[in-house]
Amino acid sequence: MTAGLTLQGVQYRHGMKTILHDVDLTITPGKIIGLLGENGAGKTTLMRLITGSAKGKGTIAINDATVVGERKQHVSFTEQLRGFARETRVDQVVNFYRDVYGDFDFQRYQDMETFLQIDGSLKLTSLSKGMKEKLIIALTLSRRTDLYLLDEPFSGIDSMSRKRIINSILQWKPDDAIMVISDHYVSEVAAILDEIVVVKDQTIFTHEATDTIREKYDVGIEAYYESLYEKGNDYD
Amino acid sequence: MWGLKPTTRVYTKRGTTMTSFGRIFKVLTRSKFREANLLLLIQLIAIAVSLVWILITGTLSTTSLLQAVSSWAGVTYVVGFYLIARRSEQAYTQDTFRLIPVEETRLYLGNLLSSFVMFFYIVGVEVLLHLAGIGIGWNVLRKDMGSIFSAHPVDLGPNSPWDIAKVAMIIALLLLVVLILMWTTITFVHLVVSATSNFLPSASKRLVNFVLYIVVIFLVVRVAAFLIVLFSKVTSSFSIGSGLMNLWLPIGGMVLVIVIESAASVFLLKKWVETVPN
Amino acid sequence: MHFDDKIPIYYQIKTHIYHEIIMGTLQPGEKLPSVRQLALDVTANVNTVQRALSEMIAAGIIDSKRGKGNFVTMDETKITDLKTQLITEQVARAYQQLHALNLSDEEILNSLKHYMTQRGNVE
């Protein structure tokens, strides 16, 4: 059994364009990964391929589960709750999650709801962007699973909420679970990342441990990441 | 800085669990149930407004409720069908539903069954409303019916009441199959378009999808009609039924189309249909 | 805790804990918070904290007792050595930088004395 997340020869085309090609990636259990890349580079697509929401070629395995249906048991993704009517209340959304995910831990959800100050009686339509993001994070982390995919969890969020979300991640991530956090801006999460994966030129451009980058190149993660987009960078 | 302490709570053990048919059916039904109730509420308001209108114009009688119910029932069925179909299709392209660890066959069947149950929930409410209308206007209606029957005695001829019941049952079955066929066809067309559009240029998506819908609807209707006719022809050569009994043939043909469309839809869900991106 | 993005996080955590030991905030024999608590305290990843702890255990400053947790060593000489080591590192860095400015040893000593008296006046 190969534990963790493995992608082999993954390719994805959409609308007669190649979005991703030759994606090979192995992530070992327990790691927190920063998935970086410019807007539209294919970060979200990569996550959607892993969940099975997008259909591409190649092999994707989470703890040996390769079939999409089975894989879904092992992955929790920050979906944007668009399948719910706008009038749906937060607690109804929570009940939906409790119903359909056998690994949803209501106790954990309640702890996070308190910590992130989420009001269960509100309707989805009346949530602010930050509040909705916090709800999505709480729902995603409340599942006890092997892989968490957080797609740009900090976009449009004030710094106070951002810190709370980062603390929730540290607090509630199971020890051997993998967490992938995508962002096009790295500095706010750099300190909690084990590794970074950079999506560039329609493939995985770099995959390296953050402390290795700091030791080897004597630069910060943000500076390193930015240097990848400058001509003739010297970290190859 | 948050005074956050690692929790000492023992949380539920992690487990790998596929979502059962019962649970998927429950959540899919619930999302349609809310819309159905909203629709029925609007219908009740419409009936109330109609009655007030009749009261103002001054012709309110004990049969007015039945008239108001009957006149709004048709619209309710059509809108209800549309709302249920729309909710149903969302389950195939929204991550909210597609991330659930459930086999595509179960998702499909659960969704179809929930549409079915919800439509009959609306039918049930309409029947109750009609019964209420009939109950209130019973005295008037009985006299009217009595005069109709005495003026035109019903001639059952050689048919026994059992024969009539059988014919009624076949017609009911036919309507049922048509209803399911409409849903499976809508789903099939939707999924074919959704899967195909992934391979077409992303530019002018709306126009491409519009043309695609026209083409796919045309093809699906033609092929379905062909299959139903073919099935009727092939089976009619074996059967010796007559009159209304011949309805069995198109019913069989439609069931065949339902099965083919369903199998194809499940296949499309597994292989090609993507969800709407975040 | 505020991290410098350029320096490995595990190293910064290690230095942070070493400072606490030398300052006496963490006493010899004192039990360290759990790994997850430490991670939350400094806002870092559990794996990174684990790496920092492993290095401190390897250096003999932290004793890991199976099933009980991690403790600051009771061996005071080790702590004294650690203190000496950290002081030497700091002094060496300052000395090298001043030396690079072409200051003689005497000048370095004088400027340091001067700084200390000035500093006392300001405060």
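Tutor: Let's settle the labels: helices (H or I, at least four residues) and strands (E, at least two) are DSSP runs, numbered from the N terminus. The model is predicted, so local features need pLDDT of at least 70 and side-chain atom pairs 80 or more, while totals for chains, interfaces and linings use all residues. Residues count from 1 along each chain as written, chains are lettered from A and ligands numbered from 1 in written order, and side-chain values use heavy atoms, without hydrogens or water.

Start in chain B, where α1 (residues 21-57) and α4 (residues 104-136) bring their axes within 8 Å and cross at roughly 30° (axes are lines fitted to C-alpha atoms, for helices over the stretch in contact, with angles from 0 to 180 degrees between N-to-C directions). α1(B) and α4(B) are therefore roughly parallel, a label for angles under 35 degrees. Their contact has 19 nonpolar residues, alongside 7 polar and 3 charged ones.

Now hop to chain A, where 6 strands make an open sheet with mixed pairing, in the order β5-β6-β7-β3-β8-β9; strands pair if DSSP finds at least two bridges between them. β5 (75-77) and β9 (203-209) of chain A sit at the edges with a single partner strand each, so one side of each has no neighbour in the sheet. On average, neighbouring strands of this sheet are turned by 20° against each other, direction ignored. Zoom in on β3 (residues 32-36) and β8 (residues 195-200) of chain A: this pair runs in the parallel sense over 4 bridges. There, A:Leu36 has A:Val198 in β8(A) as its bridge partner.

Definitions and conventions:
Parallel < 35°, antiparallel > 145°, perpendicular 65-115°, else oblique. Nonpolar A, V, L, I, M, F, W, Y, C, P; charged D, E, K, R; others polar.
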